[in-house]
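Please keep the sequence and the structure in view while reading.

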Amino acid sequence: GRLAERSLPINTLWPGHLLDEYLIDCVLGAGGFGVTYKAWDTLLETWVALKEYFPLGWSFRDGDGVTVYPNTQGGSSAIDDNLSNYLWGLERFLEEARVLARVQHPYVVRVKRYFRAHGTAYIVMDYEEGQPLSAVLGEGETLDEAEVRGLLEDVLPALRTVHEQGFLHRDI
(Lines give C-alpha, C1' and ligand atoms only; values in the text may rest on other atoms or scores of the structure.)
Protein backbone atom coordinates (compact mmCIF):
# COMPACT_ATOMS: atom_id res chain seq x y z
CA GLY A 1 0.00 0.00 0.00
CA ARG A 2 0.99 3.59 -0.54
CA LEU A 3 2.14 5.38 2.59
CA ALA A 4 -0.33 7.92 3.90
CA GLU A 5 0.73 11.52 3.53
CA ARG A 6 -0.49 13.53 6.49
CA SER A 7 0.94 15.52 9.33
CA LEU A 8 2.04 13.45 12.30
CA PRO A 9 1.50 14.09 15.98
CA ILE A 10 4.75 14.78 17.82
CA ASN A 11 6.71 11.75 19.03
CA THR A 12 5.27 9.12 16.73
CA LEU A 13 6.98 6.58 14.53
CA TRP A 14 7.40 7.78 10.97
CA PRO A 15 5.61 6.32 7.94
CA GLY A 16 7.93 3.84 6.28
CA HIS A 17 9.59 2.76 9.52
CA LEU A 18 9.93 -1.04 9.75
CA LEU A 19 9.21 -2.24 13.30
CA ASP A 20 9.95 -5.96 13.33
CA GLU A 21 7.85 -7.17 10.37
CA TYR A 22 5.43 -4.22 10.56
CA LEU A 23 5.80 -1.32 8.13
CA ILE A 24 4.28 1.84 9.64
CA ASP A 25 1.79 3.53 7.31
CA CYS A 26 0.07 6.23 9.37
CA VAL A 27 -1.17 7.24 12.81
CA LEU A 28 -4.75 6.16 13.51
CA GLY A 29 -4.97 7.81 16.92
CA ALA A 30 -2.95 9.08 19.84
CA GLY A 31 -3.86 9.52 23.49
CA GLY A 32 -2.26 10.06 26.85
CA PHE A 33 -0.97 6.49 27.11
CA GLY A 34 -0.18 5.46 23.59
CA VAL A 35 -0.26 5.75 19.84
CA THR A 36 -2.09 3.46 17.43
CA TYR A 37 -0.74 3.04 13.91
CA LYS A 38 -1.99 1.45 10.74
CA ALA A 39 0.80 -0.89 9.64
CA TRP A 40 1.45 -3.46 6.93
CA ASP A 41 2.39 -6.94 8.17
CA THR A 42 5.13 -7.78 5.65
CA LEU A 43 5.06 -11.50 6.50
CA LEU A 44 1.30 -12.12 6.39
CA GLU A 45 0.75 -9.34 3.82
CA THR A 46 -2.21 -7.79 5.59
CA TRP A 47 -3.05 -4.55 7.40
CA VAL A 48 -2.89 -4.45 11.19
CA ALA A 49 -3.47 -1.89 13.92
CA LEU A 50 -0.32 -1.56 16.01
CA LYS A 51 -0.75 0.02 19.45
CA GLU A 52 2.41 1.42 21.06
CA TYR A 53 2.77 2.03 24.81
CA PHE A 54 3.90 5.66 24.97
CA PRO A 55 2.57 7.52 28.03
CA LEU A 56 3.20 11.21 27.40
CA GLY A 57 3.84 12.23 31.00
CA TRP A 58 6.08 9.28 31.85
CA SER A 59 8.23 8.80 28.76
CA PHE A 60 9.98 10.39 25.82
CA ARG A 61 11.26 9.22 22.45
CA ASP A 62 14.98 9.21 21.75
CA GLY A 63 16.51 11.27 18.96
CA ASP A 64 16.58 8.10 16.85
CA GLY A 65 12.82 8.52 16.51
CA VAL A 66 12.14 4.97 17.73
CA THR A 67 13.43 4.13 21.22
CA VAL A 68 11.23 5.04 24.19
CA TYR A 69 12.67 5.87 27.63
CA PRO A 70 11.00 6.51 30.98
CA ASN A 71 11.06 10.22 31.78
CA THR A 72 13.69 10.49 34.49
CA GLN A 73 14.01 14.28 34.54
CA GLY A 74 13.86 16.25 37.75
CA GLY A 75 14.77 15.43 41.36
CA SER A 76 15.49 11.90 42.57
CA SER A 77 11.96 11.30 43.91
CA ALA A 78 10.55 12.46 40.55
CA ILE A 79 12.92 10.05 38.77
CA ASP A 80 11.81 7.15 40.96
CA ASP A 81 8.12 8.06 40.58
CA ASN A 82 8.31 8.42 36.79
CA LEU A 83 10.23 5.16 36.38
CA SER A 84 7.82 3.37 38.71
CA ASN A 85 4.78 4.83 36.91
CA TYR A 86 6.22 3.93 33.50
CA LEU A 87 6.93 0.31 34.48
CA TRP A 88 3.53 -0.02 36.21
CA GLY A 89 1.78 1.28 33.09
CA LEU A 90 3.81 -1.02 30.85
CA GLU A 91 2.65 -4.06 32.82
CA ARG A 92 -0.99 -2.85 32.61
CA PHE A 93 -0.58 -2.40 28.86
CA LEU A 94 0.67 -5.98 28.45
CA GLU A 95 -2.10 -7.27 30.70
CA GLU A 96 -4.59 -5.46 28.42
CA ALA A 97 -3.19 -7.45 25.48
CA ARG A 98 -3.49 -10.75 27.35
CA VAL A 99 -7.07 -10.02 28.47
CA LEU A 100 -8.27 -8.81 25.08
CA ALA A 101 -6.64 -11.81 23.36
CA ARG A 102 -9.03 -14.05 25.34
CA VAL A 103 -12.11 -12.12 24.23
CA GLN A 104 -14.00 -13.71 21.36
CA HIS A 105 -16.69 -11.30 20.19
CA PRO A 106 -17.48 -10.05 16.68
CA TYR A 107 -17.44 -6.40 17.84
CA VAL A 108 -14.17 -6.54 19.81
CA VAL A 109 -11.04 -6.18 17.71
CA ARG A 110 -8.93 -9.34 17.91
CA VAL A 111 -5.45 -9.14 19.45
CA LYS A 112 -2.96 -11.16 17.39
CA ARG A 113 0.13 -10.79 19.57
CA TYR A 114 2.24 -8.40 21.59
CA PHE A 115 5.96 -7.82 21.74
CA ARG A 116 8.51 -5.72 23.59
CA ALA A 117 10.99 -3.62 21.64
CA HIS A 118 12.85 -0.31 21.84
CA GLY A 119 12.18 0.18 25.56
CA THR A 120 8.41 -0.16 25.20
CA ALA A 121 5.78 -2.64 24.01
CA TYR A 122 3.36 -3.06 21.12
CA ILE A 123 -0.01 -4.78 20.71
CA VAL A 124 -0.82 -6.10 17.23
CA MET A 125 -4.53 -6.19 16.42
CA ASP A 126 -6.71 -6.83 13.41
CA TYR A 127 -7.19 -3.66 11.40
CA GLU A 128 -10.84 -2.75 10.86
CA GLU A 129 -11.76 -0.29 8.11
CA GLY A 130 -14.01 2.56 9.15
CA GLN A 131 -14.05 5.84 10.96
CA PRO A 132 -14.50 6.71 14.62
CA LEU A 133 -17.83 8.00 15.86
CA SER A 134 -16.09 11.25 16.82
CA ALA A 135 -15.26 11.84 13.15
CA VAL A 136 -18.91 11.35 12.14
CA LEU A 137 -20.12 13.70 14.85
CA GLY A 138 -17.29 16.13 14.10
CA GLU A 139 -18.72 16.70 10.62
CA GLY A 140 -21.79 18.26 12.19
CA GLU A 141 -23.89 15.16 11.77
CA THR A 142 -26.13 13.84 14.48
CA LEU A 143 -27.56 10.38 14.97
CA ASP A 144 -31.24 9.77 15.33
CA GLU A 145 -32.64 7.54 18.06
CA ALA A 146 -32.74 4.42 15.84
CA GLU A 147 -29.05 4.87 14.90
CA VAL A 148 -28.02 5.33 18.54
CA ARG A 149 -30.02 2.26 19.59
CA GLY A 150 -28.42 0.27 16.77
CA LEU A 151 -24.93 1.26 17.90
CA LEU A 152 -25.71 0.44 21.52
CA GLU A 153 -27.10 -2.96 20.56
CA ASP A 154 -23.68 -3.77 19.05
CA VAL A 155 -21.41 -2.04 21.56
CA LEU A 156 -23.01 -2.96 24.90
CA PRO A 157 -22.76 -6.78 24.50
CA ALA A 158 -19.14 -6.36 23.37
CA LEU A 159 -18.41 -4.18 26.38
CA ARG A 160 -20.04 -6.77 28.67
CA THR A 161 -17.77 -9.46 27.19
CA VAL A 162 -14.69 -7.35 27.96
CA HIS A 163 -15.92 -6.55 31.50
CA GLU A 164 -16.50 -10.26 32.17
CA GLN A 165 -12.74 -10.68 31.76
CA GLY A 166 -12.25 -8.20 34.60
CA PHE A 167 -11.03 -5.46 32.30
CA LEU A 168 -12.25 -1.87 32.06
CA HIS A 169 -11.95 -0.86 28.40
CA ARG A 170 -11.28 2.89 28.21
CA ASP A 171 -11.09 3.25 24.41
CA ILE A 172 -14.78 2.94 23.57
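A contact here means heavy atoms within 4.5 Å. The model is predicted, and local features need pLDDT of at least 70, side-chain atom pairs count only at pLDDT 80 or more, and totals for chains, interfaces and linings use all residues. Residues are numbered from 1 along each chain as its sequence is written, and side-chain values use heavy atoms, with hydrogens and water left out.

Phe93 is in contact with Lys51, Glu52, Tyr53, Ala121, Tyr122 and Ile123, leaving aside residues up to four places away in sequence. A nonpolar core is a set of buried Ala, Val, Leu, Ile, Met, Phe, Trp, Tyr and Cys residues joined through side-chain atoms within 4.5 Å; buried means under 20% relative accessible area, exposed over 50%, and partly exposed in between (1.4 Å probe, protein chains only). The largest such core has 19 residues, of which Tyr53, Phe93 and Ile123 touch the most other members. Two or more residues each come from strand E4 (46-53), helix H1 (76-102), strand E8 (120-126) and helix H3. H1 supplies the largest share, six residues.

A second, separate core of 15 residues includes Leu13, Val48, Val66 and Ala117. Val66 sits in the loop between strands E5 (59-61) and E6 (68-70); helices (H or I, at least four residues) and strands (E, at least two) are DSSP runs, numbered from the N terminus. Val66 counts as buried because its relative accessible area is 11%. Val66 and Ala117 are 51 residues apart in sequence and 9.5 Å apart in space, C-alpha to C-alpha.

Leu151, in helix H3 (residues 145-163), is partly exposed because its relative accessibility is 37%.
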